[in-house]
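Morning, everyone. Please bring up the sequence and the model, and we'll walk through them together.

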Amino acid sequence: MSDNSGQLPHSEELIDDERQKIEIELLLEGIYRMYGNDFRDYAYDSISRRITHTVRQLGLTSITALLERVLHDSNAMEQLLRSLTINVTEMFRTPSLFLTFRSKIVPFLNTYPSIRIWHAGCSTGEEVLSMAILLQEEGLYEKTRIYATDIDQEVLEQAQSGRVMLGNMQQYTQNYILSGGKGSFSDYYAVDQGDKVTFNSSLLKHVIFAKHNLVTDQSFNEFHVIFCRNVMIYFNRNLQRRVHSLFHESLPRFGVLVLGERETMRFSGFETYYEPLNEAEKIYQKIK
């Protein structure tokens, strides 16, 4: 008896799913071999949504057509890259984390003659500016070097500008107050003509911005603190372990790793190398 429901038979749905997986694998392999950006171990469900979104955005009919486009058009590759690297950030995001950082981590950092902090996946720089303000208020900024890295050159350039949307400042001011801010937030920036503000240049004088791929690049220094928040949620388990290995290599004993609120040290393969300083805020200290 024939099926008149209008739906694909189950076997055809499976074939379509398998075809899409093959197309995505070929696309990601092509991107890696052509441009060196490795998304092959990103979580499948997340990356497939972003790829199909880009296909529609570019008016293409298939993922295979997207592969052909990005192999021959670097501008299309840049557009796809922006879609694959989600940039969600805000100043003093999760204020309770920064409040805990002031009380628990600042005294520890104060014992060092110089401090190195790495913001991995820094996006447009709001977290970096937040850290610079915090360190300045705690009297640590002058002896600190902040390394801010991201895979996306365009967001790095935005971060280097120190400019932020004016419409966000009410939320950022509230975050600053809740994070234990010790001054007046408005003293740290000036309103531009238009819809942006520019933060004081002194906040970026000890910041080194650089392009860095957590998937393919190596450790480049030793850091007392590493922030990597809400980046690894897009990676599969194997890639998460690889990045954890990179961070473990980049931290000295008693160095501090800060993850995002939706991330965990569990199942990383490195659980026994850290102890939680604050599990709720995802702050961990390397013990071996």
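F98 is buried, and F227 is buried too; buried means under 20% relative accessible area, with a 1.4 Å probe and protein chains only. Keep in mind that this is a predicted model: local features need pLDDT of at least 70, side-chain atom pairs count only at pLDDT 80 or more, and totals for chains, interfaces and linings use all residues. Numbering runs from 1 along each chain as its sequence is written, and side-chain values use heavy atoms, leaving out hydrogens and water.

Now the rings. There are 20 aromatic pairs in the structure. Rings of Phe, Tyr and Trp (its six-membered ring) pair if their centres lie within 6.5 Å; planes under 30 degrees apart count as stacked, over 60 as edge-to-face, the rest as tilted. F98 and F227 have ring centres 6.3 Å apart and planes at 25°, so they are stacked. F98 sits in helix α5 and F227 in strand β7, 129 residues apart. Helices (H or I, at least four residues) and strands (E, at least two) are DSSP runs, numbered from the N terminus. Ring pairs also build a cluster, with F92, F101 and Y176 among its members.

Next, the sheet. Seven strands form an open, mixed sheet, ordered β6-β2-β1-β7-β8-β10-β9. Two strands pair if DSSP finds at least two bridges between them. At the edges are β6 (207–211) and β9 (274–278), each pairing on one side only. β9 and β10 run antiparallel, joined by four bridges. One of the bridge partners: Y274 with K286 in β10.

Definitions and conventions. Buried means under 20% relative accessible area, exposed over 50%, partly exposed in between (1.4 Å probe, protein chains only).
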